[in-house]
Amino acid sequence: MKAEADQLTSQIIATYSVGATVQTVLDRLLAKITSEEYPLNTRLPSERALASELGVARNTVREALDVLEARKVINRRPGSGSFVTYRSDDVPERGESSVAMETSPLDHLVVRGILEPEMVRLAVINMTPREVWDLEQLMSKIESVHTDVAAFVKCEEEIYRKIAEGTHNRLLASCYNLTIEACRVSFRTTLLRRHLSPKRILEYQQRYNALFNAIASRDVERAVEFIKLHLVEEQKLFLQD
C-alpha cells in the first residue's frame, strides 16, 4: 500500500505546483485513503476537523482537497462533504485525460495564447444569432455569481465552450475542450481560490461583458484585442503566485 501511495503522490507532484505544507497534508490524506483507513465511499472528516487533526489552517486543507478532487481521488458534494472515490485497482486514464493531467501551468497558458485569439476571431465571424443569444444567457448567469469561486469557474467553462462551438470549426473546438479539461485539473482552480475575491470576480465579469459586446457587435478587432489583454492578466495572476 505504501508503494501505491508513493506512486500516486509522485503523479500528483508531477502535475500540481503546491506549497510544502499543502504537500504534507496531501501525503497524509493519500496514505489514509490508499491504506483504506478512509475506504471507498467514506465521508472524510470536515475541513475544520482535518485542520485541527493535522495542525494546519483550513485553507491549507481546502487546497489539498482541491487537488484530490481534481485527481478524482475524492468527490465533494455541496452540503454533504467530501467522499472517497479512489479504488486501489484504478488504472490511470489515458488519451486526452492523460494529456490534461500532464500539462504544466506554463504550457496551459502558452496553448491558450495560441488558440484563444483565433477562436474569438472565428466566433465573431461565424456565430449565429441564436448562438449569440445563448452566449448572452451565459453572461447573465456568470454575472449572478458574487463569491462562489467553483460556480464562477464553471460559468467560465460554459462561456468558453460556447465561444469555441461558435467558431463552427469542430477540430478547433475539440482542441479547446482539451484546454478546458487541462484547466480544470491543473493549478488554476486552486490559484483562483486564493486570489479570486469578490472585487476580482467583478473585474472578470466586466471583462467578459466587454468581450460579449464585441462579439455581439461583430467587432473582430476589439474582441481579439480584449482576449489578448485578458490573457496578459491571467499570466500576471500566475506569476504573482
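Me: What is a salt bridge, and which residue does E233 meet in one?
Reply: A salt bridge is a side-chain nitrogen of Lys or Arg within 4 Å of a carboxyl oxygen of Asp or Glu. In this predicted model, E233 has such a partner at 3.5 Å, N to O. That partner is K236.

Me: How many residues apart are E233 and K236 in helix α12?
Reply: An α-helix has 3.6 residues a turn, so residues three or four places apart point the same way. E233 and K236 both lie in α12 (residues 220-240), separated by about one helical turn. Their spacing is 3 residues.

Me: Is K32 buried or exposed?
Reply: K32 forms a salt bridge with E37, with the closest N and O atoms 3.1 Å apart. E37 is partly exposed, at 49% relative accessible area. Buried means under 20%. K32 has 14%, so K32 is buried.

Me: What span should helix α11 have?
Reply: Helix α11 covers residues 198-216, which makes 19 residues. Count 1.5 Å a residue.

Me: At what angle do α6 and α8 pack?
Reply: Two packed helices are described by the angle between their axes and the distance between the axes. For α6 (residues 105-126) and α8 (residues 149-166), the axes are 7 Å apart. The crossing is left-handed. The angle is about 65 degrees.

Me: How many residues in the contact of α6 with α8 are nonpolar?
Reply: The contact includes M119 and V120 of α6 and I163 of α8. Among its residues, 2 are polar and 2 are charged. The nonpolar ones number 7.

Conventions: Residues numbered from 1 in each chain as written. Predicted model: local features only at pLDDT ≥ 70, side-chain atom pairs only at ≥ 80, totals over all residues. Heavy atoms only, no water. Axes fitted to C-alpha atoms, helices over the stretch in contact; angles between N-to-C directions. Helix = DSSP H or I, 4+ residues; strand = E, 2+ residues; numbered from the N terminus. Left-handed = near helix turned anticlockwise from the far one by under 90°. Contact = heavy atoms within 4.5 Å. Nonpolar A, V, L, I, M, F, W, Y, C, P; charged D, E, K, R; others polar. Expected span 1.5 Å × (residues − 1). Buried < 20%, exposed > 50% of the residue type's maximum accessible area, 1.4 Å probe, protein only.
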